[in-house]
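Subject: Structure handover

Hello,

Here is the structure for your work. Notes on what was found in it follow below the display.

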Amino acid sequence: MATVTSYGATQEVTGSCHVLEVDGIKVMIDCGMFQGEEEQQNQVPFAFKASEIEYLLVTHAHLDHVGRVPKLVKEGFSGKIYATAATKDLAYIILMDSAKIMNEDFETKYKKAVRKAIEKKLQPPLYGPLDVQTTFNMQWINTDYDEYFDICEGISAVYRNAGHILGSAFIEISYMEDGKSHTIVFSGDIGNNNELVLPNLQKCKKADILYVETTYGDRNHKPLDVTIAEFKEIVIKTLKANGNVLIPSFAVERTQELLCVLRKMYENKELPKCKIFLDSPMATKATDVYCNYSQLLGSDCQKNIKENGNVFNFDALVYTETPEASKAINEIVGGTVIIAGSGMCNGGRITRHFKHRIWNANNAVIFVGYQAVGTLGREIVDGAQWINIYNEDIIVKASIHTINGFSAHADQDAILQWISKIKNLKNVFLIHGEKESQLNFKEVIKKKLNLDAHIVAFKKRIEL
Ligand code: ZN
């Protein structure tokens with residue numbers, strides 16, 4: 001009897017972790033971190049023996065899909081890890097950054113706790129840089145798109161391009177049971193059909209059982225052309241008035257999309273004279289990985305490579321490498337676009353740029369990604385008149401814009417369209433979405449595709 005048990009991303013959008021068990025062999029699909037309000041769950045020991053997991057298949061490098069892998073290794077996992085080469089490279093950057101942030105946070109909390117003599121109560125960081133290094137010293141097996149491979153006798157798999165971030169995949173796993181072959185597909189996160197940087201999501205042709213993400217199961221995105229037009233208008237208007245545009249951005253995928261849009265504006269001479277700063281060491285590293293795997297990028301990027309020999313560079317773009325170069329941006333009065341992390345403004349260089357510019361009505365802030373409750377980004381999006389940065393109250397006078405159409409996730413229509421092409425689908429399980437979104441999607445999939453979908457519960461073993 002084959003079963004799947006989910007240890008995360010059940011009625012929530014983070015912590016993806018699912019274990020497929022076939023004849024006693026345990027194959028894990030993703031081991032992601034819980035984020036936001038669920039963060040405390042990361043510290044809870046796994047509800048299974050890590051040493052019993054023999055294989056780990058990673059769909060993509062986002063923290064909510066790989067963030068607990070070093071913890072899995074620390075707790076005794078010693079099996080093989082499968083991922084595309086691009087996923088492995090991006091995961092290294094993302095996990096090292098995560099370890100660094102957790103350790104810095106711990107040090108700050110520890111100093112305060114010592115003064116109150118409560119340091120023994122502090123929870124240590126989930127893992128450190130050494131644990132990440134140990135994870136990457138393990139046996140990683142490179143999986144190319146569309147290449148079938150055997151995991152072990154009786155279980156095989158193939159990775160397909162999910163078009164979500166570089167290297168992302170949905171995974172088709174086939175296994176034998178009762179003399180018959182069955183195919184189960186794990187969607188990971190599937191991409192938006194926008195081809196800005198990556199090719200579109202591949203079709204899934206065959207699956208008996210599907211575990212599908214439902215992040216946007218209850219809504220559709222604004223069309224990309226409308227989104228880009230909105231973005232351009234704000235950038236052009238602000239630069240023409242000698243203002244500055246501040247863009248908090250996630251290092252992977254969103255930053256590269258923005259660079260593509262800005263590059264096109266520059267080439268089409270739509271961009272007033274300006275300097276564009278990519279002021280994020282992590283985004284710069286991620287952009288390098290995108291360049292290293294340029295063969296995986298979409299047709300537009302391929303065209304740029306042919307014509308200009310590179311994907312993202314153009315004359316107006318400056319990568320700031322050192323802290324000094326970053327600080328020197330403060331001296332420029334106007335005419336800049338500054339892309340910096342963190343994406344939700346709860347740290348990183350963007351907070352310093354806010355301190356220097358958000359009080360000035362000539363400037364604009366453009367939010368291009370989701371802002372979680374409790375972050376500085378969310379405060380600003382929700383209309384805060386004042387913000388506190390480095391213990392200083394600062395008035396918000398810059399114009400604040402939220403542009404939502406850049407999502408890297410498929411929306412409701414795109415998920416339905418993707419599922420509609422799968423032949424002989426018998427069972428659909430909903431994961432990686434808020435409960436409300438899943439209830440809505442369950443109704444819609446019944447109405448439009450006449451499929452019964454099940455909402456997966458935490459730790460509940462499902463017999464396939
Ligand atoms: Zn993702």
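Predicted model: local features only at pLDDT ≥ 70, side-chain atom pairs only at ≥ 80, totals over all residues.

Strand 12 and strand 15 (residues 336–340) run parallel and are joined by five bridges.

Five of the five residues of strand 12 are buried. In a regular strand the side chains alternate between the two faces of the sheet. In strand 12 both faces are covered: Asn 244, Leu 246 and Pro 248 are buried on one side, Val 245 and Ile 247 on the other.

The peptide bond from Gly 341 to Ser 342 is cis, with omega near 0°. Ser 342 belongs to the loop between strand 15 and helix 10 (349–357).

Most residues other than glycine have a negative phi, and most peptide bonds are trans. Gln 11, which is not a glycine, has a positive phi of about 55°. Gln 11 lies in the loop between strand 1 (3–6) and strand 2 (17–22), and its relative accessibility of 27% makes it partly exposed. Glu 195 also has a positive phi, near 50°. Glu 195 is in the loop between strand 10 and strand 11 and counts as partly exposed at 31% relative accessibility.

An open sheet of seven strands has the order 7-8-9-10-11-20-21, and its pairing is mixed. Strand 7 (149–152) and strand 21 (453–455) are the edge strands, each pairing on one side only. From one strand to the next the twist averages 25°. Helix 12 (residues 412–420) packs on this sheet and touches strand 9 (169–177), strand 10 (180–186) and strand 11 (209–213). The direction of helix 12 makes about 165° with that of strand 11.

Cys 152 stands opposite Ile 155 in strand 8.

The zinc site

Which residues hold the zinc ion? Its protein donors are His 60 (NE2), His 62 (ND1), His 164 (NE2) and Asp 189 (OD), lying 2.2 Å from the ion. The angles among the four donor atoms run from 90 to 162°. Four donors count as tetrahedral if all angles lie between 85 and 135 degrees, and the site is classed as irregular. In sequence, the donor residues are spaced H-x1-H-x101-H-x24-D.

His 62 lies in the loop between strand 4 (55–57) and helix 1 (63–66), and His 164 in the loop between strand 8 and strand 9, so this pair ties together parts that are 102 residues apart in sequence. His 62 is partly exposed, with a relative accessible area of 21%, whereas His 164 is buried at 1%.

Aromatic pairs

The structure holds 13 aromatic pairs. One of them is Phe 149 with Tyr 159: the ring centres are 6.1 Å apart and the planes stand at 40°, so the pair is tilted. Phe 149 lies in strand 7 and Tyr 159 in strand 8, so the contact ties together parts that are ten residues apart in sequence. Phe 149 counts as buried at 16% relative accessibility, and Tyr 159 is buried with a value of 0%.

Phe 231 and Phe 406 form an edge-to-face pair, 6.0 Å centre to centre with 90° between the planes. Phe 231 lies in helix 5 (residues 224–240) and Phe 406 in the loop between strand 19 (399–402) and helix 12, so the pair ties together parts that are 175 residues apart in sequence. Phe 231 is buried, with a relative accessible area of 0%, and Phe 406 is buried at 0% as well.

Ring pairs also link Tyr 7, Phe 46 and Phe 48 into a cluster.

Regards

Note on methods: Residues numbered from 1 in each chain as written. Heavy atoms only, no water. Pairing = 2+ DSSP bridges. Helix = DSSP H or I, 4+ residues; strand = E, 2+ residues; numbered from the N terminus. Axes fitted to C-alpha atoms, helices over the stretch in contact; angles between N-to-C directions. Contact = heavy atoms within 4.5 Å. Donors = N, O, S within 2.8 Å, 3.2 Å for Na, K, Ca; no water. Tetrahedral: all angles 85-135°; square planar, octahedral: opposite > 155°, others 65-115°. Buried < 20%, exposed > 50% of the residue type's maximum accessible area, 1.4 Å probe, protein only. Phe/Tyr/Trp six-rings, centres within 6.5 Å; stacked < 30°, edge-to-face > 60°.
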